[in-house]
Amino acid sequence: NDAALQLRIHVDQLGYPVRAAKVAVIAADEAFPELELTVVEADENGRMVWEGKVAAATFDEASGDWVSQADFGALQTEGAYYLTAAGMKSHLFVIGNEVYEELFRDVARSYRLQRSGEGIDDPKLGLKLDPGHALDKEATLFFRDPGEKRATLDVSGGWYDAGDYGKYVPVAAVTVAQMLLAFELRPKAMTELRFLYNGERAHWPGADAAPDTLVEVKYELDWMLRMQRADGAVYHKVSGGVFPDFIVPAVDVQDRRVYGMSTYGTAMFAAAMAMGARVFQSYDPEYASGLLRSAKKAQAWLDAHPKAFFRLDEGQNTGSGPYDKETDREERYWALAELLKTTGDARYGAAIAGNYADLSTSNPGIVGWSNGQLLGQWALATAERSAPDVKAQAGQTIVTAAELILKRIREDGYRSALAGTEYTWASNKNALAKSELLLLANELAPNEAYVAGAVDQLHYVLGRNAMGMSYVTGRGAVYPVRPHHRISAASGILVPGLLVGGPNRYLNDPVLEKLADRRLPPAKSYVDDLSSYASNEYAIDYNAPLFFTLAILES
Ligand code: 9MR
């Protein structure tokens, strides 16, 4: 077989910060020997600015590719370039110090564009939409708790969860938590970040000078507060009875329902509210006290209901996602940790010591809607009033987990932090959640390798992956153009800055299922198809670790 070697050269399609490491991945379907590489300027002269070699390829399990990593970190001159090898060329990439700036703004603004109950008038995107889901003001309480006299509830506002128009408490809580955490860690940079237009702050009268991120987060917190029952527990979600077609929000006029409740969601709510109470204190003390009251009320309810349960109402999952979790230890732990951090009240510390001591010493796994353990550990590692031993243990556990993530990154052909089995629904989110852990570890035990590993995950989702594409809409040379996102599909305007779920080897939707006989490798089980909700949908919690990672790295 003398056919020429078909190389694919994968780079971060947005680029590389000037001083950072710069690695491209050279891939092929077959083994290849050591190769010569060049970087050339992306203008008509194509002047060569760097040349080097890559080692012979090795086989990468997750992608099924033969790969070799090209390190051109020595190149530290700002500019636009291509990488070339064996007659093949990469996509254009930039070396510069602002390569992620626009992306960060888009990612932040994506939340504003998910607002429910408010129209959109975005001159830059040319996107104009009427407000939707007016019926959320009087959503049906689908299951009436004994003693509940109301038949409907005002659960208006908040962000739509994803490509669908549901609104879910656990996802909301874990998303605002990550944004608040970014704010707590980098208050100055986060205060400078601007992405709202005038007129998009009306829900916070008198707060003209408040940082955009907090204005946006408040829109979601306001909705979450509406989801709390009088007794402190929190309903699970709001949605219609069926998934709407690809229509804009204002056209989805089916009745809206409040469904379910859970102990894990109530705990996540308490945790996020307790964080909000800290961050909002210096901007709006009254609002902050209200958040703390709600957190304590949720916690008091949890104390009175120690057994984990997830209430599933009749028909609950016909028009919205389940987000079901039957256990709740990680979330109760997180809630107590945040309450301890916010109030310093020893009772919370005692509850942690009594019931959840093991969670400060076990690997936290991946932060997400179904796992609050890492955020709990972080709160304990940084709370003034944590017991000294618990504080040390929680911090040490995060650092140990970071080391394991680094090990995985080093083993992977694309420097992805995902193990082969982790190419699940929302794998891109999970890769970035690992960046988040690395960056938290770096706060506790500064280590350049942790930062580099976090940047590697950014490179992974922005093009240095087996699909050779950026998984963020509108950013990079090749990106999803048919995401499962109703607003984009129905308006014909692709909303930028949306991270899609990404490769999902478990093929959990009909479009992916049809690819089953192609036996795609885990890292290639992805399709840019409107109907592939299990690989090509965006969700607020997918953008959350991307937001967090960019917030820390950009500052
Ligand atoms: O992101 C969620 C993923 O972690 C779950 O595995 C999956 C199945 O429960 O659900 C995903 O969430 C979807 C939700 O159920 C409905 N709104 C869109 C979400 C993103 O696809």
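Predicted model: local features only at pLDDT ≥ 70, side-chain atom pairs only at ≥ 80, totals over all residues.
Reader: Which residues does UniProt give for the feature "domain: Glycoside hydrolase family"?

Author: The UniProt record, in an unreviewed entry, places that feature at residues 100–549. Over residues 100–549 the chain is 44% helix and 6% strand, with the end C-alpha atoms 11 Å apart.

Reader: What does UniProt list for "domain: Cellulase Ig-like", and how much helix and strand does the chain have there?

Author: For that feature, again from an unreviewed entry, UniProt lists residues 8–89.

Reader: How is the chain divided into domains in the model, and how far apart do the centres lie?

Author: A domain may be made of one stretch or of several, and the notation shows which applies. Here domain 1 covers 8–95, while domain 2 is written as 101–464 + 536–554. Between the C-alpha centres of domain 1 and domain 2 there are 36 Å. The contact between them draws 17 residues from domain 1 and 14 residues from domain 2.

Reader: Which strands supply the side of domain 1 that touches domain 2, and what classes of residue are found there?

Author: An interface can be read first by element and then by residue class. On the side of domain 1 that touches domain 2, β2 and β6 each supply at least two residues, and the largest share, three residues, comes from β2. By class, this side of domain 1 has nine nonpolar, four polar and four charged residues.

Reader: How are β2 and β6 joined, and in what order do the strands of their sheet run?

Author: Four strands form an open sheet in the order β1-β2-β6-β5, with antiparallel pairing. Its edge strands are β1 (8–10) and β5 (58–60), each of which pairs on one side only. Neighbouring strands of this sheet are turned against each other by 40 degrees on average, direction ignored. Within the sheet, β2 (residues 23–28) and β6 (residues 65–71) run antiparallel and are joined by six bridges, and V25 stands opposite Q69 in β6.

Reader: Which strands pair with β7?

Author: Strand β3 (residues 35–41) is joined to β7 (residues 79–85) by four bridges in an antiparallel arrangement, and V40 has Y82 of β7 as its bridge partner. With strand β9 (residues 93–95), β7 pairs in the antiparallel sense over three bridges; here G79 is partnered by I95 in β9. Strand β8 (residues 88–89) also runs antiparallel to β7, joined by two bridges, and K89 in β8 is the bridge partner of T84. Between β7 and β8, which form a hairpin, lie two residues, and A86 in the turn has a positive phi of about 45 degrees.

Note on methods:
Residues numbered from 1 in each chain as written. Pairing = 2+ DSSP bridges. Axes fitted to C-alpha atoms, helices over the stretch in contact; angles between N-to-C directions. UniProt positions renumbered as here; feature names shortened; annotations may be inferred. Domains from an automatic or database assignment. Contact = placed C-beta atoms within 7 Å. Nonpolar A, V, L, I, M, F, W, Y, C, P; charged D, E, K, R; others polar.
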